2 protein chains.
Amino acid sequence: MSSSSASNSSATASNPPPGRLASGYSELQESRLNVDLLVKLPQNPSAILVPGSLPKAALDERLKIGVVLSGGQAPGGHNVICGIFDYLQGRTNGSTLYGFKGGPAGIMKCKYIELTTDFIHPYRNQGGFDMICSGRDKIETPEQFQQAEETALKLDLDGLVVIGGDDSNTNACHLAEYFRSKNLKSRVIGCPKTIDGDLKCKEVPTSFGFDTACKIYAEMIGNVMIDARSTGKYYHFVRLMGRAASHITLECALQTHPNITIIGEEGWVCDYAREEFSIPMAISLMQVAAKKETLKNVTDYITDIICKRAELGYNYGVILIPEGLIDFIPEVQQLIAELNEILAHDVVDKSGVWKKKLRSQSRQLFELLPQAIQEQLLLERDPHGNVQVAKIETEKMLIQMMETELENRRNAGSYDKQFNGQSHFFGYEGRCGLPSNFDTNYCYALGYAAGALLHSGKTGLISSVGNLGAPVEEWTVGGTPLTSLMDVERRHGKFKPVIKKAMVELEGAPFKKFASVREEWAIKNRYFNPGLSWSVNEKTLKDAFDSYGDVTEVRILYDKETGRSRGFGFVYFSKEDEARTAKDAMDGKAFLGRPLRISFALDKVRGAPVVVPRLRNQ
Amino acid sequence: MSSSSASNSSATASNPPPGRLASGYSELQESRLNVDLLVKLPQNPSAILVPGSLPKAALDERLKIGVVLSGGQAPGGHNVICGIFDYLQGRTNGSTLYGFKGGPAGIMKCKYIELTTDFIHPYRNQGGFDMICSGRDKIETPEQFQQAEETALKLDLDGLVVIGGDDSNTNACHLAEYFRSKNLKSRVIGCPKTIDGDLKCKEVPTSFGFDTACKIYAEMIGNVMIDARSTGKYYHFVRLMGRAASHITLECALQTHPNITIIGEEGWVCDYAREEFSIPMAISLMQVAAKKETLKNVTDYITDIICKRAELGYNYGVILIPEGLIDFIPEVQQLIAELNEILAHDVVDKSGVWKKKLRSQSRQLFELLPQAIQEQLLLERDPHGNVQVAKIETEKMLIQMMETELENRRNAGSYDKQFNGQSHFFGYEGRCGLPSNFDTNYCYALGYAAGALLHSGKTGLISSVGNLGAPVEEWTVGGTPLTSLMDVERRHGKFKPVIKKAMVELEGAPFKKFASVREEWAIKNRYFNPGLSWSVNEKTLKDAFDSYGDVTEVRILYDKETGRSRGFGFVYFSKEDEARTAKDAMDGKAFLGRPLRISFALDKVRGAPVVVPRLRNQ
């Protein structure tokens, strides 16, 4: 192992950067390589918010730091690494950054590459994880912890940054504990990554990648909305990536206003919350069975709206479905468990005698399913003989169930239109997009903070960036104890401390906003196509106004909670006449493809007149 | 009928515009409403290139014109209508434009709306067809022609613009003939619409919507390429909309450089071309059977490349498949024909005795197919009992066939990796996107030309815009006889003159370019993420340089054949020192989100120094 890693390391260190450069860059990609990031982080690490004692960091301390990407991709991951790298370059002297290749397996197998200025350059502000790639292995067993220890010793690591989701950060916490218990000098810091948006807490307001993925999906949803409205005959069923939690689906709904949105958490979150998130999901789901959150309920809800819309003359619509929907419906889980059991031991006879082995409720559900889904449930099994739930395309299943149910209603005289369902799954194309301006800056700040935390000797923290509603320059960076995110869950029959997935909160502002308008959206068509916009930021805005005088400050207003642009900002001039000239010259002019609308702000903030351009929604 | 149409017309005329306005606009959508279009068309209609005599158009002639959208949506359709409207407003006095609702059925049923400035405003420069919606009905039977005649008489129509694809323009031609034969004053003009790109000829270099759809798909393909490279374990199989022809697939391949691209026309175009495009496709396809363009050949081709890539260490890739692929493979058509026959008369017994009724070749093919596809072929039938070919997801079929074939090779010792296929269909989200700058201008010009052609008394022409490689101001507009696009095809057992679909030409520059690089793309990874860019045009460029001096002209260079931006342009200043100042000030500055690269052009064109900014790829 050590010989392979040595050859690996030396080979990669001398070779030119792989992949990206050979590929060639589009104009847009290339343009992003040299962009100055907006993050102006504190030049003194002691200004960074670190719990406990002040850091004893020194400029001449040479650090050896490792970084690993864990799990599925999220836009901005490369920038976390760039942030760490730039911190080490700027704040420490002669430090080394190792990138472990292919995820946590790279740590265990000591497969790494030394990251240099030239090596990371092609990945700055770009999507994907291909700089060092990722993987889904976990460091769990005593042997695996020992392998990680060997790597830390071999490379003489001062620290390790784990960029990942809830499981990976749980891992990071355990690894920090393990290293500490072994008296290793290596510290461990986590970074919150996942497009799913389910890794967050008070100090970590969002996980990176969520913003970009939602923007990409919302753009596509906006397009199929126009399609629905134009053809007047399609119901577009859009399944959205996001695993168990429905954050992406909810956010996309708020951005686009579809007719129907299924939020998985609605069915069972009451039980879940009552147990204070500490019970295993499986148990939680079982309790929901009593609540009658059934597939029939979901399809009835959709069917009712389709029939209501038909009465109003709308024979089309857009429906959003979270990827994890099927996992939220306990009766489906129960049916599949029974099917697995039956298929393992019995022959499925054509005459259907085998069905008698299903429990009555499961049998009813099975009969309710469209034939193609029945076949799918009986045919497609994984190597262990289990039905592959993840491969069941919920959006298609719902379409087929709609066809059946609407046919019933037609026969009953309560529906007289043609139903045309079109299925979509928006997933992979979103998790690898170019990071939005927000994710670009947020990730860089996360990485910068991680570097500073390690430099100041901290371990077991997750990198945290706060005050996201303020301009980037006013963001705060720091660390939050990973243990503060953790709770005890039962896994594989044992109670273990894990980071709990943050589900959609039914009492939170986003869901409440959605709940207050969904009935209107269902019946009326409030479709909204947000459009893509990646290029408005303080710098481009300053550039646009610079030639008219001395621009002292540019502020784009961001939403306090999400950090997203609110579509307008302020340009401060030191002289009133220059502001007037700028207003006269730029008002109505095209800026980034659209006309600026400029007015003087009502209040003369800081003694200077203010120009308020309205930026496009971002 | 007439009473319903009257009430319909009066009701809609007095009601506020439907749909869009109630929905609310995003910033991006709203920004497009008031944009001045770049098309500066000849102010004198006689300058428009019209075959035959000069028009006798008069400014005070009051015209009654109808317009209809036919078939699937394509970005820019609304702008065709705006172009017609603005021509009539600007060049004729008191003219009326009727929009027939829901496609050609709106003509036959005399369902229309009078289009006013306020009514069409919300749709300017927007995607979709929802201003008047579209439909797939055809005006074909003598009764239907008579209905169209009644409508033309009832509304006292001077002209009708049919916006549609090959079939719709064929229809337009027949309708023009019919109206002429009936001595109706109503003229008929067609407009080339289809994202598929298969309606074109020398005078009509492209159909509108193709440019936008390809850009949207290419962006998404670029993203899954990053995904493939980052995970290192997925083969993304992407099926692209585009019906029979592979234009979209070829164009997206050229924009993104995938590892494998299947171009349907390669298998059979030789026969097709030999017959000078005049034989029916069904016959053409039958002849291909002899050419052995089989599903096995396609899968072998893909499998070989996957194995070769595995040897090189690449266990991932991206594969583009045209929507129409399955229609190009005659043996599949043959199998399905036989299955339809068997399923209509026989019981499909579990033991498989029924398979003996298949011809030997068809049976071999059936056995080659994965079980799920076999089931799909036997289960899913339309109301007439036919297998629904369109519902067979070719990308999934190919993935399953890869799994089988790679398993065979694993057993034979020639493959030892894990194959993970991910399927995608990019379709609806592309045909309803916001039109690109090109489609925005192109469509407006098409509509403007259609108005001018009708005004000058022309009929039976398709609106044509030429010189697309030049700046928009130098585009030429005119008309081309629809009959010049037509040929005789056998349909429903009769020979009929129809507009032939333009397939991908294997001797054309795009395919030849692709053919010259595909081997490299297959083995090496030349992935290219073009990124979206909608906002660079001459106006935004002029605005950016205006403040540095007297900008006399701005030229963005466009590709001669496609009209697409080539990524750079010229800014002419009247004074050399101003050009120098502009260069110094703007070089390296962010423009539309990316830095400009500026240099002086080598030749001092027109006696003035030239600034050459490189625009981002568009």
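**Figure 1. Buried residues of helix H7 of chain B.** In this predicted model, the buried residues of H7(B) are Ala148(B), Thr151(B) and Ala152(B). Seen down the axis of H7(B), these buried residues fall within an arc of 100°, so they line one face of the helix. Among the elements that cover them are helix H5 (104-108) and helix H8 (166-181) of chain B, whereas the face of H7(B) turned away from the buried side carries the exposed residues Pro142(B) and Glu143(B).

**Figure 2. Length and end of helix H7 of chain B.** Helix H7(B) comprises 13 residues (142-154), which at 1.5 Å a residue should span 18 Å, and this agrees with the 18 Å that separates its end C-alpha atoms. Just after H7(B), Asp156(B) adopts a positive phi of about 55°.

**Figure 3. An open sheet in chain A.** Four strands of chain A, paired in parallel, make up an open sheet in the order E8-E9-E7-E10. Strand E8 (260-261) and strand E10 (421-426) stand at the edges with a single partner strand each, so one side of each is left without a neighbour in the sheet. Strand E7 (residues 235-240) runs parallel to strand E9 (residues 317-322) and is joined to it by six bridges; Tyr235(A) has Gly317(A) in E9(A) as its bridge partner.

**Figure 4. Helices packed on the sheet of chain A.** Helix H10 (residues 247-256) of chain A packs on the sheet and touches E7, E8 and E9, its direction making about 155° with that of E9(A). Helix H17 (residues 394-411) of chain A lies across E7, E9 and E10, and runs at about 165° to E10(A).

How values were computed:
Residues numbered from 1 in each chain as written. Chains lettered and ligands numbered in written order. Predicted model: local features only at pLDDT ≥ 70, side-chain atom pairs only at ≥ 80, totals over all residues. Pairing = 2+ DSSP bridges. Helix = DSSP H or I, 4+ residues; strand = E, 2+ residues; numbered from the N terminus. Contact = placed C-beta atoms within 7 Å. Axes fitted to C-alpha atoms, helices over the stretch in contact; angles between N-to-C directions. Expected span 1.5 Å × (residues − 1). Buried ≥ 20, exposed ≤ 12 C-beta atoms within 10 Å, placed from the backbone. Arc of directions from axis to C-beta.
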